[in-house]
Structures are given as C-alpha cells and as structure tokens.
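Please look through the sequence and the model shown here before reading on. The paragraphs that follow go from the whole chain to its parts.

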Amino acid sequence: MKSEQEYKQEIVEIGRRLYERGLIVAGDGNISIRVKDGILTTPRSVCKGFLSLEMIVKMSPDGTTKLDGTYNASTELPMHMLIYQMRPDVNAVVHAHPPCGTGYAAAGFALDKALISEVILTLGCVPLAGYGTPSTNEITDAMKPFIGRHDALLMANHGAVSYGSTLESAYGRMETLEHFARISLVAKLLGRERELGKEEVDKLIDLRERAGYMSSDKRCQTCSFLSDEKTPPTQEKHNDGFEELITLTRSELIELVKHASQLAQEGLS
Ligand SMILES: [Zn+2]
C-alpha cells in the first residue's frame with residue numbers, strides 16, 4: 001500500500017498530465033483519491049498543472065470535513081463522493097474538460113457508438129448525463145443513473161468524469177475518452193461512422209469479461225453496443241432530450257423515397 005505522500009505525489013503528477021495534454025486549462029478540473037482514512041483532493045481555483053504536495057487537501061471519509069491542508073477542497077467534491085458511495089470498487093476520480101469529448105457533450109451526443117474495438121474492450125460506452133449547475137445537487141442527480149454501469153461519463157454542456165480502482169486507471173479512461181471523441185469526430189467529418197455489428201461487439205464484450213477488464217454488470221443496455229432483447233431497457237437514456245442523427249447513403253435514400261411513394265400510390269388506388 002502506498003503512503004499518503006505517495007498518493008499526493010500521484011495527484012500532482014496526474015494534474016500535470018491533464019494540463020499538459022490540454023484536458024484542462026486555467027483552474028479547471030479536479031482529482032481525488034480515496035485512502036483508508038479519508039479523501040485526498042485537489043484544491044479549488046488553482047491550476048492543476050502546477051500543484052505541489054502541500055496544496056493537496058485531506059477530507060473526512062464522507063467528504064464533509066477538512067482534516068488537513070491550508071487550501072480549500074474542490075467545490076465539485078460532492079460529485080466525487082457520489083461516485084465513491086455508489087461504487088465501492090472505485091478509489092480515484094478525475095474530472096476534466098477535454099475539448100473534443102466536451103464538444104460531444106455540448107452538442108448533445110454520447111460516445112456510445114461501437115466504432116473502435118479497443119475502446120469497447122477497455123472503456124465501454126460513455127453515456128451523456130443531463131445538464132446540472134456546477135457544485136449543486138443538479139449535477140449529481142443527473143449523473144446518478146449512469147454511475148453504476150459505466151466508468152466514464154460525459155456531462156452535458158460541461159465536461160467529463162472518469163473513475164477507477166487507481167488514479168492511473170481513472171486518468172487512462174479520461175485519455176481514452178478524449179482520444180475516442182477525436183476519432184469519432186474524424187469519422188463523422190469523413191461522412192460515415194461505420195459501427196461494428198452486434199456479433200463483433202458481443203465477441204469483444206465476451207473477451208473483455210473473460211480478460212477481467214470489465215464485469216458483466218457493465219453491460220450497458222441502452223446504447224448501440226448491446227441490445228439484449230431479454231432485458232427491458234433501463235431508465236438510462238444517453239441522448240436524453242436530443243434527436244438522434246442518422247446517416248443514409250444516396251441509394252438508401254432513393255430506396256426510401258421510392259418505397260414511400262409506392263405506399264402513397266397504393267393508398268390512392
Ligand atoms: Zn468542471
């Protein structure tokens with residue numbers, strides 16, 4: 001087990017990486033680690049790219065009382081605490097504003113298309129939680145339905161959050177999320193997001209469960225990765241409130257129009 005100093009050092013290092021990779025700017029974002037007797041977290045309103053050990057704040061295990069530190073804890077700590085409460089397997093949380101992933105969140109898109117095998121294996125789908133005013137219950141309420149089944153979420157018109165058993169894994173998920181958002185955007189710009197078929201997705205999910213990357217309770221039931229007919233859809237809706245965009249090829253469109261006019265004619269005769 002690592003010492004508290006080592007955990008603080010890890011937070012400093014991950015803050016530096018988030019900033020250097022442009023996943024946060026200015027005073028954005030926050031990081032926390034659950035240790036045996038409390039929560040270590042980044043301070044509010046400072047740039048997380050230039051933290052030092054003494055800036056890390058230690059809070060009580062429920063996140064309400066400061067145990068150690070001269071700075072004040074992040075105002076977004078309740079969001080981290082909700083994740084720790086709901087997920088006993090999680091020991092670290094990263095919140096950032098990755099530009100491409102946040103672009104998806106601002107456009108009202110989840111990152112839930114089965115486009116890249118590695119992403120299905122290591123991250124699964126990333127749903128879009130509804131909008132909530134930062135530092136209020138609105139934000140935690142919007143995230144609640146998604147936390148159990150996913151390891152990273154987009155937050156509408158705000159940013160992203162990822163979590164894991166270690167800070168390294170939570171951070172890795174944030175990197176993968178942003179990388180996947182960039183790849184998805186390029187595919188979109190090229191005019192086609194060609195998704196893997198259900199059979200291929202099932203094989204990847206089987207593989208990730210056998211390899212222990214993700215347990216079967218992470219099978220998301222509403223996204224396009226998986227639709228198990230036997231399981232009724234949950235309340236989770238990834239593109240809550242947004243119309244889904246679809247793309248058709250020219251010949252598919254012609255077929256569709258032909259079919260519609262045929263039906264109309266049949267109706268007339
Ligand atoms: Zn934020």
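How much accessible surface does the protein have, and what share of it belongs to carbon and sulfur atoms? The accessible surface comes to about 14,100 Å², and carbon and sulfur atoms account for 54% of that area. The model is predicted. The protein has 269 residues, of which 44% count as buried. Its secondary structure consists of eight helices and eight strands. Among contacts between residues at least 6 apart in sequence, 64% join residues at least 24 apart.

Strand β1 covers residues 30-35 and pairs with β2 in the antiparallel sense, over four bridges. With two residues between them, β1 and β2 form a hairpin. On to the next strand: β2 and β3 (residues 57-59) run antiparallel and are joined by three bridges. Here L40 stands opposite K58 in β3.

Strand β2 itself spans residues 38-41, and both of its faces are covered. G38 and L40 lie on one side, I39 and T41 on the other, and all of these are buried.

One is A26, located in the loop between α1 and β1. Its phi is near 45°, a positive value in a residue other than glycine. Is A26 buried or exposed? Because its relative accessibility is 53%, A26 counts as exposed. The other is S45, in the loop between β2 and β3. S45 is not a glycine either, yet has a positive phi of about 55°. Its relative accessibility is 64%, so S45 counts as exposed.

Aromatic rings come next. A search of the whole structure finds two aromatic pairs. An angle over 60 degrees is what counts as edge-to-face. This pair links distant parts of the chain: Y19 belongs to helix α1 (residues 4-20), F50 to the loop between β2 and β3, and the two are 31 residues apart. Y19 counts as partly exposed, because its relative accessibility is 32%. F50 has a relative accessibility of 59%, so F50 counts as exposed. Another ring, that of F109, has a charged residue over its face: K188 lies there at 4.3 Å from the ring centre.

Helix α2 covers residues 77-86 and contains I83. Why is I83 classed as buried? The relative accessible area of I83 is 0%, and buried means under 20%. Not counting residues up to four places away in sequence, I83 touches V90, V93, M143, I147, V161 and Y163. For V93, the separation from I83 is ten residues in sequence and 7.9 Å in space, C-alpha to C-alpha.

Now to the metal. Which residues coordinate the zinc ion? The donors are H95, H97 and H158, each through NE2, at 2.0 to 2.1 Å. Their spacing in sequence is H-x1-H-x60-H. Since water is not among the atoms, a site such as this may look incomplete. H95 has a relative accessible area of 1% and is therefore buried. H97, by contrast, counts as partly exposed because its relative accessibility is 24%.

Helix α3 spans residues 99-107, and its buried residues are C100, G101, T102, Y104 and A105. What covers these buried residues? The cover includes the strands β6 (128-129), β7 (152-155) and β8 (159-164), together with helix α6 (167-189). Just after α3 comes G108, which takes a positive phi of about 90°.

Methods. Residues numbered from 1 in each chain as written. Predicted model: local features only at pLDDT ≥ 70, side-chain atom pairs only at ≥ 80, totals over all residues. Heavy atoms only, no water. Donors = N, O, S within 2.8 Å, 3.2 Å for Na, K, Ca; no water. Buried < 20%, exposed > 50% of the residue type's maximum accessible area, 1.4 Å probe, protein only. Pairing = 2+ DSSP bridges. Phe/Tyr/Trp six-rings, centres within 6.5 Å; stacked < 30°, edge-to-face > 60°. Lys NZ or Arg CZ within 6 Å of the ring centre and 35° of its normal. Contact = heavy atoms within 4.5 Å. Areas by Shrake-Rupley, 256 points an atom, 1.4 Å probe, with all protein chains shown as cover.
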